[in-house]
Amino acid sequence: MTATPTTTPATPDWRTANRANWDERVPVHAAGPFYDLPGFVAGRDTLRDYEPAEVGDVSGRTLLHLQCHLGLDTLSWARRGAVVTGLDFSAPAVAAAADLAARIGADDARFVTSDVYGAAEALDGRTYDIVYTGYGALCWLPDLTRWARTVASLLTPGGFLYLAEHHPVADVLSDDGRSFEEDYFERTPIVVDYPGTYADPDARLDATVTVQWQHGLGEVVTALAGAGLRLDFLHEHAHGHFRVPAGSPAPQSYSLRATRPR
């Protein structure tokens, strides 16, 4: 969720509004210090310490990153030996990710333009050893049941989803990280009008309206179970939310792995 938004009553078409907003974010994010592309090219890694430890050795394994944005996490997996594909609904983001791959010599990395729900068709029915989704992705999806079914269809038998996300409790806390500011159980679309971006609050975008959703932890796990995936673990972490200060008594992020049975 973005900070200090203005909520508006009308709900626009979520794909059109969100894609326009994310298209405009790309040059701001690519040029600014938040993503630090020069540092990444020089060797900086963007994965949290627990992610490689929980995923394990990815050498030679096929990995699909859904909602990859600029591709930094995607390419961090490539540097560890994975054969990566990144998918994002923003064509400018996909172009920026492909350019970044070329700059670091990740010649086998592939980037595809599609929203999540159209991924199976966009990827020509290919399946992967690992489907990866990183921070700040699920809030942009209205239907987690459909998401989970899509993920399951993209996995090889024995393959797994690895998800690392902002904890839904942290998403509804106030900036002090200790008191609730929003309703955890709210499931209606949240229409936000915000001219900046988390990576640059002072940026002034033209496409300022986005549509987001809150998803509880139980909703995520139930959707994956309903899609036939077996939950291997669910870990909650005391760090990882960019807005909640360190030392908050609430969980700030979580990670899970769910396997498609053979």
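**Close-up 1. Strand S10 and its two partner strands.** Seven bridges connect strand S6 (residues 155–166) with S10, and the two strands run antiparallel. The structure shown here and in the other views is a predicted model. Strand S10 itself (residues 253–259) is mostly covered, with six of its seven residues buried.

**Close-up 2. Helix H7, its cap and its covering elements.** Asp 143 caps the N-terminal end of H7 through a side-chain oxygen that lies 3.1 Å from the backbone nitrogen of Thr 145. Along H7 (residues 144–154), the buried residues are Leu 144, Trp 147, Ala 148, Thr 150, Val 151, Ala 152 and Leu 154. The elements covering these buried residues include strand S2 (62–66), helix H6 (119–122), strand S5 (128–133), S6 and helix H9 (217–226). In an α-helix, residues three or four places apart point the same way, because each turn takes 3.6 residues.

**Close-up 3. The nonpolar cores.** The largest nonpolar core comprises 33 residues, and Leu 75, Trp 77, Phe 111 and Tyr 162 have the most contacts inside it. Two or more residues are given to this core by each of helix H2 (37–41), helix H3 (50–55), helix H4 (72–79), helix H5 (91–104), S5 and S6. Helix H5 supplies the largest share, five residues. Another core, of 32 residues, lies apart from this one; Leu 161, Trp 213, Val 220 and Ala 258 are among its members.

**Close-up 4. The surroundings of Phe 111.** Beyond its neighbours within four places in sequence, Phe 111 is in contact with Cys 68, Gly 71, Thr 74, Leu 75, Gly 86, Val 94, Ala 97, Ala 98 and Ala 101. Phe 111 and Leu 75 are both among the residues with the most contacts inside the largest core.

Close-up 5. Cys 68 is buried, with a relative accessible area of 5%, and Cys 139 is buried at 12%.

Note on methods. Residues are numbered from 1 along each chain as its sequence is written. This is a predicted model: local features need pLDDT of at least 70, side-chain atom pairs count only at pLDDT 80 or more; totals for chains, interfaces and linings use all residues. Side-chain values use heavy atoms; hydrogens and water are left out. Buried means under 20% relative accessible area, exposed over 50%, partly exposed in between (1.4 Å probe, protein chains only). Helices (H or I, at least four residues) and strands (E, at least two) are DSSP runs, numbered from the N terminus. Two strands pair if DSSP finds at least two bridges between them. Contact means heavy atoms within 4.5 Å. A polar contact is a pair of N or O atoms within 3.5 Å; within protein, one must be able to donate a hydrogen and the other to accept it, and residues adjacent in sequence count only if both atoms are side-chain atoms. A nonpolar core is a set of buried Ala, Val, Leu, Ile, Met, Phe, Trp, Tyr and Cys residues joined through side-chain atoms within 4.5 Å.
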